[in-house]
Amino acid sequence: MIFACNDLSLVFSNPRTTEALANVSFTVEQNEFVCIVGPSGCGKTTLLRIIAGLLPPSRGEIVFSGNDDCQRPATAMVFQQQGLFPWMTVVDNVAFGLETRGVPKKERTSLAADFLSRVGLGGFLSAFPYELSGGMRQRVAILRAFLTDPHVLLMDEPFGALDAQTRILMQQELLTTWRDNPKTVIYITHDIEEAILLGDRILVMSGRPGTIQADILIDLPRPRTLSFRQHPQFDAIYQQVWQIIESEVREGITR
Ligand SMILES: Nc1ncnc2c1ncn2[C@@H]1O[C@H](COP(=O)(O)OP(=O)(O)O)[C@@H](O)[C@H]1O
Ligand SMILES: [Mg+2]
């Protein structure tokens, strides 16, 4: 186990009272890829911000067992958008991830350039983020997050703003990066298919207040490519997750 969320609850009161999370408990294993899936507004981002230490829980705690001198896991976050420093070039953005690890300046740039070339961005080293497509920006952001070498990588719908085709490529690339650089990942999505493709496990959330309704092991073989949808277990898992969140999604569109 690398960390455990024990009975986390969070109430916002600014000034309206919103019970965003209630009694959320789960444990995460070292290098596990955990997907959290749930409808919009169920508390996914709130949970991630608590794990990142950006928001104190109203009740409960996070217990970390990754090393002795750290109360909380060191985390790196990848958001849906705007994760890069707009004033830094692509290579400097990635090199920044290495700086936090104390890699000397000279090595940082060449290492960053090396990693960027491996994901096909070798031609964009001195470009600025505004010159890149959304997909390229997310590749840079994900690379940087991996290179900061956090205990836990937190991803909040990182491909949510991308078109469907780009998303497929990015999912494959993320899985390759994760295979080559094993890391504990908490990945948030509202896309059930994406959760099954990526995760070792899916935590299914429902909202008002946000709770974990199911903890499903995804025992499908890797590497998972597009043909994984033909696996007989895929449909079964999809149905299982959909049944949990369907009524809430329906309420959301009819309210
Ligand atoms: N800073 C905040 N202040 C007050 N309410 C908030 C705040 N952030 C989120 N909420 C509320 O908490 C609930 C969960 O939000 P969020 O974690 O963003 O959901 P999700 O990421 O699953 O869409 C929602 O009802 C939202 O309106
Ligand atoms: Mg969110």
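This is a predicted model: local features need pLDDT of at least 70, side-chain atom pairs count only at pLDDT 80 or more; totals for chains, interfaces and linings use all residues.
Local features need pLDDT of at least 70, side-chain atom pairs count only at pLDDT 80 or more, and totals for chains, interfaces and linings use all residues. Residues are numbered from 1 along each chain as its sequence is written, chains are lettered from A and ligands numbered from 1 in the order in which they are written, and side-chain values use heavy atoms, with hydrogens and water left out.

The shell around ligand 1 was examined first. Classes were assigned as follows: Ala, Val, Leu, Ile, Met, Phe, Trp, Tyr, Cys and Pro are nonpolar, Asp, Glu, Lys and Arg are charged, and the others, Gly among them, are polar.

A backbone N or O atom of Gly43 sits 3.0 Å from an oxygen atom of ligand 1. For Lys44, a polar backbone atom is 2.9 Å from an oxygen atom of the ligand. Thr45 uses its side chain: a polar atom there lies 2.8 Å from an oxygen atom of ligand 1. Ligand 1 taken alone exposes 560 Å², and the protein buries 64% of that area (Shrake-Rupley method, 1.4 Å probe; for residues, only the protein chains shown count as cover).

Secondary structure elements are DSSP runs numbered from the N terminus, with helices (H or I) of at least four residues and strands (E) of at least two.

Strand pairing came next. Two strands pair if DSSP finds at least two bridges between them. Strand 1 (residues 3–13) runs antiparallel to strand 2, joined by eight bridges. The two form a hairpin with three residues between them. Val11 stands opposite Glu19 in strand 2. Leu10 has Leu21 of strand 2 as its bridge partner. Strand 1 also runs antiparallel to strand 4 (residues 59–64), through five bridges. There, Ser9 is opposite Arg59.

Backbone geometry was then checked. Most residues other than glycine have a negative phi, and most peptide bonds are trans. Asp7, in strand 1, has a positive phi near 55°. A cis peptide bond joins Asn14 and Pro15, with omega about -15°. Pro15 is found in the loop between strand 1 and strand 2. The bond from Arg208 to Pro209 is also cis, with omega near -15°. Pro209 lies in the loop between strand 8 (201–206) and strand 9 (211–217).

A cavity is a set of points where a 1.4 Å probe fits but cannot get out; a pocket is an open set with protein on both sides within 12 Å along at least five of seven lines; lining residues have an atom within 4 Å of a point. Points are joined across faces, edges and corners, and a volume is the space filled by probe spheres set on the points.

One cavity of 30 Å³ or more was found. The largest cavity holds about 60 Å³. Its lining consists of Val119, Arg139, Ile142, Leu143, Met170, Glu173, Leu174 and Thr177. Helix 5 has the largest share, four residues. By class, the lining has five nonpolar, two charged and one polar residues.

The largest pocket has a volume of about 350 Å³. It is lined by 16 residues, with Thr75, Ala76, Met77, Phe79 and Arg144 closest to its centre. Strand 5 (75–78) and helix 4 are the elements that give two or more residues to this lining. The lining has 10 nonpolar, five polar and one charged residues.

The second largest pocket has about 220 Å³. Of its 13 lining residues, Gln81, Gln82, Gly83, Arg137 and Gln138 are the closest to the centre. Six lining residues are nonpolar, six polar and one charged.

Notes. A polar contact is a pair of N or O atoms within 3.5 Å; within protein, one must be able to donate a hydrogen and the other to accept it, and residues adjacent in sequence count only if both atoms are side-chain atoms.
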